[in-house]
Amino acid sequence: MPTPSVPRPEHPRPQFVRNDWLNLNGAWQFETDRGDSGLERGLLDRALTGEILVPFPPESELSGVGDTDFLEAVWYRRVVTLPSAWAGRRVLLHFGAVDYDTTVWADGVEVARHRGGFTPFTADLGDLAGSGEVTLTVRARDPRSGPQARGKQAVQYANHDCNYTRVTGIWQTVWLEPVPDLHLRRPRITPDLAGSAFHLELPLSGNRPGHRVRAVLSDDEGEVCRAEVRADLDLAPRLHLPVPRERVRTWGPEDPHLYGLRVELLDAAGEVADSAESYAGLRSVGIRGKAVTLNGRSLFQRLVLDQGWYPDGLMTAPTDAALIHDIEIAMAAGFNGARLHQKVFEERFLYHADRLGYLVWGEFGDWGCETGGSSGDNQQPDASYTAQWLEALERDYSHPSIIGWCPLNETYQKLHDRMTQLDSVTRAMFLATKAMDTTRPVLDTSGYAHRVVETDIYDSHSYEQDPAAFQRQMSGLAEDEPYVNTHENGAAYSVPYAGQPYFVSEFGGIWWDPAAAAASSGEDRTESWGYGERVRDEEEFHARFTGLTGVLLDDPGMFGYCYTQLTDVFQERNGVYRFDRGTKLDIERVRAAQIRPAAIEEQDPA
């Protein structure tokens, strides 16, 4: 039930949409709590002194607050009037993401706690919603110390290096949804291209005699198939939806076809008690030798590093159109996908990637566990990392655009003969991913400390700027001795390469800022920087970009790459586009350097 005056009015969860819902974005009461003493000072029981525009974080311009200092805790308050048509149903309060430790009260009664700044959570308002009006209060704590999954948020006061303005509190859509006492939970949709079918798990809030679940698959021609099973036996009934051969249409970059999917819970009388709309893409991801295949064919992954930051909204896109635009400009530059870097992107980005045929790697914003201790035990991720990553996997499992998972990034820690916290958590997150999803490859960590011998994918990061030197650096893959990141003194970070599909998941980062080309040396990483020696003009940029990408495109053992990066971000001026998404390069030349067939595609036997 969005209204035109509500910011970000679109439904935040396009793969599980009920007709009735209420968007709570807009003006909320707000107050900062720098000493985290608000509970003792009575903030739970009184009106707050300020105002904020949700879902934009208080550090952002769009929030109306614009406070970029450290915010130890922040408070939100809003009185909500529930639609009278919802009477007799349970009301669920959903948060897309709140950074970092969150407590939610309804009419002064605690209804939810959640840890993690990237993943969704839900509060069941239960009987509290029966009055028709409810006062919602939210406290978000965001400490600056200790292991915490922050992604690219700076722990120093100002932006620096590749760290950006912090985000605290609510930064994704808040919304209400009425459900019956016995209701559907989010389905898990698994495509089975070999079997020409979809497999569905439909979790329920409980079981009741006589109830059934039904799923109906459709395309542009109408209903494709339907399936129905009892809902009184299994907590997560399973349904099989076969797709007739003449109705098979695979999902991929050239044809991102999506089937419509309706899921229903039927009561003992056969009436629909609960229902939701969804969609599904029929595609497969596989490994054949060093190739990663999509629908049985090798498709070179021309990826770009996407940080997902905006000048005015920080981690929150100002509009839904901005999400679409980011995908469109990446594709215009010749990229067919992205690493969604150091951030769990909002789900509507994945929805648009699904629609547009854009390949993405799901990643976690794990930076924030560097303790600064000894180099042999300096990374200290805790159990919350695995818990939050599981929440991300559960949310995003059914999106066809996701073709791989990467729970960690650049966990640089020397390899030695003692098991460390990093070893344990890396393995836990890898195993959690494989247990949650057997259909996609998993990269244990991107770049540095590979600690899982059986990782599906192996990679490295290199910001070598000279194409000839880059060619020499990458030449060992043909002998199964690829470039591997090591400590500056040569000490190993990773277990040895074992023949997996291999790619360079960060490279390039070429600085180009025409406005600053003559005014800055590039040494100050707080104002305008990129990797390595600066190019002198745009012509030199294109020569370097073509040379670097060409090294990887021409390697028959390389299944893809990821170029750093899509846009400038604050002081980083190594984007293909400006931070405001404006053009600074001849994009047709960037595209032309990438779209020729890659060596691994030309040797594809399919």
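**Helix packing and backbone details**

Mentor: The buried residues of α3 pack against β8 (109–115), α2 (347–356), β25 (359–363), β26 (402–406) and α4. Please keep in mind that this is a predicted model.

Trainee: Which residues of α3 are buried?

Mentor: In α3 the buried residues are Ser-384, Tyr-385, Thr-386, Gln-388, Trp-389, Ala-392, Leu-393, Arg-395 and Asp-396.

Trainee: And what length does α3 reach from its first C-alpha to its last?

Mentor: Helix α3 has 14 residues and reaches 20 Å between those atoms, close to the 20 Å expected at 1.5 Å a residue.

Trainee: At what angle do α3 and α4 pack?

Mentor: Helix α3 (residues 383–396) and helix α4 (residues 421–436) pack at about 20°, and their axes are 10 Å apart. That angle makes α3 roughly parallel to α4, because angles under 35 degrees count as roughly parallel. The crossing of α3 and α4 is right-handed.

Trainee: Which residues meet there?

Mentor: From α3 come Tyr-385, Thr-386, Trp-389, Leu-390, Leu-393 and Glu-394, and they meet Val-425, Ala-428, Met-429, Ala-432, Thr-433 and Met-436 of α4. The residues of this contact of α3 with α4 divide into nine nonpolar, two polar and one charged.

Trainee: Next pair, please. How far apart are the axes of α1 and α2?

Mentor: The axes of α1 and α2 are 9 Å apart, and the two helices pack at an angle of about 45°. Helices α1 and α2 are therefore oblique to each other. The crossing of α1 and α2 is right-handed.

Trainee: What meets what in that pair?

Mentor: Asp-320, Leu-323, Ile-324, Ile-327, Glu-328 and Met-331 belong to α1, and they meet Arg-348, Phe-349, His-352, Ala-353, Arg-355 and Leu-356 in α2. The contact of α1 with α2 divides into seven nonpolar, one polar and four charged residues.

Trainee: What about α5 and α6: how do their axes come together?

Mentor: The axes of α5 and α6 come within 9 Å and cross at roughly 15°. The two helices are therefore roughly parallel to each other. Helix α5 passes α6 in a right-handed crossing. Pro-467, Phe-470, Gln-471 and Met-474 in α5 meet Arg-544, Gly-547, Leu-548, Val-551 and Leu-552 in α6. These residues divide into six nonpolar, two polar and one charged.

Trainee: Staying with α6, which of its residues are buried?

Mentor: The buried residues of α6 are Phe-541, His-542, Arg-544, Phe-545, Leu-548, Thr-549, Gly-550, Val-551, Leu-552 and Leu-553. They pack against β23 (301–306), α5 (467–474), β28 (502–508), β29 (558–564), α7 (587–592) and α8 (599–602).

Trainee: What span should α6 have?

Mentor: At 1.5 Å a residue, the 16 residues of α6 (residues 538–553) should span 22 Å, and the end C-alpha atoms are 22 Å apart, which agrees.

Trainee: Changing topic to the loops: where does Leu-314 lie? And is it buried or exposed?

Mentor: Leu-314 lies in the loop between β23 and α1 (320–332). Leu-314 is buried, with a relative accessible area of 3%. Leaving aside residues up to four places away in sequence, Leu-314 touches Pro-57, Glu-59, Ser-60, Thr-165, Arg-166, Val-167, Gly-308, Trp-309 and Phe-570.

Trainee: Now the backbone. Which residues does a cis peptide bond join?

Mentor: Pro-55 is found in the loop between β3 (50–54) and β4 (73–81). Another joins Asp-99 and Tyr-100, where omega is also about 20°. Tyr-100 has its place in the loop between β6 (98–99) and β7 (101–106).

Trainee: Which residues other than glycine have a positive phi?

Mentor: Gln-342 has a positive phi of about 55° although it is not a glycine. Gln-342 sits in the loop between β24 (337–340) and α2, and it is buried, with a relative accessible area of 1%. Arg-581 also has a positive phi, near 75°. The place of Arg-581 is in the loop between β29 and α7, and Arg-581 is buried, with a relative accessible area of 11%.

Key: Residues are numbered from 1 along each chain as its sequence is written. This is a predicted model: local features need pLDDT of at least 70, side-chain atom pairs count only at pLDDT 80 or more; totals for chains, interfaces and linings use all residues. Side-chain values use heavy atoms; hydrogens and water are left out. Axes are lines fitted to C-alpha atoms, for helices over the stretch in contact, and angles run from 0 to 180 degrees between N-to-C directions. Helices (H or I, at least four residues) and strands (E, at least two) are DSSP runs, numbered from the N terminus. Angles under 35 degrees count as roughly parallel, over 145 as roughly antiparallel, 65 to 115 as roughly perpendicular and the rest as oblique. A crossing is left-handed if the near helix is turned anticlockwise from the far one by less than a right angle, and right-handed if clockwise. Contact means heavy atoms within 4.5 Å. Ala, Val, Leu, Ile, Met, Phe, Trp, Tyr, Cys and Pro count as nonpolar, Asp, Glu, Lys and Arg as charged, and the others, Gly among them, as polar. The expected span of a helix is 1.5 Å times one less than its number of residues. Buried means under 20% relative accessible area, exposed over 50%, partly exposed in between (1.4 Å probe, protein chains only).
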